Amino acid sequence: MSSDEGSETVHRGSYLLYPDDGSEDTAWPRSTDLALLVLNEPIPQHNRTLFSSIWTRATHRICIDGGANQLYSLGTSDNTLHTRIPDAVIGDLDSLLPHVQKYYENHNAVVQKYHDQDSTDFMKGLAYLDSKLERQSNNCVTVVFGGLGGRLDHTLHTLKVLFNSHTHRNVVVVSDDNLTFVVPKGRSRILANSQVDGPACGILPLAGQTVLTTSGLRWNMHEHVSSFEGLMSTSNIIDRPCITIDTTAPVAWTAQFRPPPN
């Protein structure tokens, strides 16, 4: 949700990760912050170049509890430990290893423990980010590494947070082989980069039953009822660089995602 044109929402999708200055639609959105949140999942080898790029570009870098362990492990393996110090490590800190906590504290990272058990560490991290933004949170693109692999309950919670915050936050989640974000109710355009997106994709009606009309996919829908219990558009194919989605309720867009060719 990087811009609005009338009643249409334009989502830059993977162009938020690999901006292309050749077009205003695919360039980095002006007056927009970039935040990086690292969750407690290993950063895959094939995404480490992207991670390095996002780290360099980000104005806010936050590890979510055990995400600090993942950053520390990456730093020791590629000799970047001393150059990648997060702004903060946030959560109840039940997963944070003592030597990792000590290292980042000694290098001036904020390590903040929350005792509230009614919100998850991911939610605490987003709230902390909101408190540090100079502009409103919808003027910040938040790139999340992790959260959609590993335990199923963690995966479902990540999706829940995306849905609950999509009206006031622009969050994209990079997982092992996918890029995922929420498409709001109404009409949206998703800009796809054939170098990194697809071919497989899905539209997941996780907020409840919706009516979908699409274009730009191999198997488009026209006023098609979609629900978690009924039909879902999974294993679809991206056929065009611009996908349109008309939906009566928010849906999750997820597509295969890979590094660009060298």
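**Helices, spaces and backbone**

Helix H2 (residues 67-78) packs against helix H3 (residues 98-106) at an angle of about 75°, their axes being 10 Å apart; axes here are lines fitted to C-alpha atoms, for helices over the stretch in contact, and angles run from 0 to 180 degrees between N-to-C directions. H2 and H3 are therefore roughly perpendicular to each other, on a scale where angles under 35 degrees count as roughly parallel, over 145 as roughly antiparallel, 65 to 115 as roughly perpendicular and the rest as oblique. On the H2 side the contact is made by Ala 68, Asn 69, Leu 71 and Tyr 72, and on the H3 side by His 99, Val 100, Tyr 103 and Tyr 104, where contact means heavy atoms within 4.5 Å. By class, this contact of H2 with H3 has 6 nonpolar, 2 polar and no charged residues; Ala, Val, Leu, Ile, Met, Phe, Trp, Tyr, Cys and Pro count as nonpolar, Asp, Glu, Lys and Arg as charged, and the others, Gly among them, as polar.

The model is predicted, so that local features need pLDDT of at least 70 and side-chain atom pairs count only at pLDDT 80 or more, whereas totals for chains, interfaces and linings use all residues. Residues are numbered from 1 along each chain as its sequence is written, and side-chain values use heavy atoms, with hydrogens and water left out.

H2 also packs with helix H1 (residues 48-57), at an angle of about 110° and with the axes 13 Å apart, which makes H1 roughly perpendicular to H2. Here Arg 48, Phe 51 and Trp 55 in H1 meet Leu 71, Leu 74 and Ser 77 in H2, and by class the contact has 4 nonpolar, 1 polar and 1 charged residues. In the protein as a whole, the secondary structure comes to 5 helices and 16 strands, helices (H or I, at least four residues) and strands (E, at least two) being DSSP runs numbered from the N terminus.

For helix H4 (121-132) and helix H5 (152-165), the axes come within 10 Å and cross at roughly 35°. Their contact is made by Phe 122, Met 123 and Leu 126 of H4 and by His 157, Thr 158 and Val 161 of H5, and it has 4 nonpolar, 2 polar and no charged residues.

H4 and H5 each also supply at least two residues of the lining of the largest pocket, and the largest share of that lining, 4 residues, comes from H5. The largest pocket has a volume of about 490 Å³ and is lined by 23 residues, of which Asn 40, Thr 120, Asp 121, Phe 122 and His 154 lie nearest its centre. By class, the lining divides into 3 nonpolar, 12 polar and 8 charged residues.

How are such spaces found? Rolling a probe the size of a water molecule over the atoms shows where empty space is left. On a 1 Å grid over the protein atoms alone, a cavity is a set of points where a 1.4 Å probe fits but cannot get out, and a pocket is an open set with protein on both sides within 12 Å along at least five of seven lines, while lining residues have an atom within 4 Å of a point. Grid points are joined across faces, edges and corners, and a volume is the space filled by probe spheres set on the points.

By this rule the count comes to 2 cavities of 30 Å³ or more, and the largest cavity has a volume of about 60 Å³. Gly 13, Ser 14, Leu 179, Phe 181, Ile 190, Leu 191, Ala 192, Asp 197, Ile 238, Trp 253 and Ala 255 line the largest cavity; strand S9 (178-183), strand S10 (186-191) and strand S16 (251-257) are the elements that give two or more residues to this lining. By class, the lining of the largest cavity has 8 nonpolar, 2 polar and 1 charged residues.

Two backbone details remain. Most residues other than glycine have a negative phi, and most peptide bonds are trans. Ser 31, in the loop between S2 and S3, has a positive phi of about 55° although it is not a glycine, and a cis peptide bond with omega of about 10° joins Gly 198 and Pro 199.
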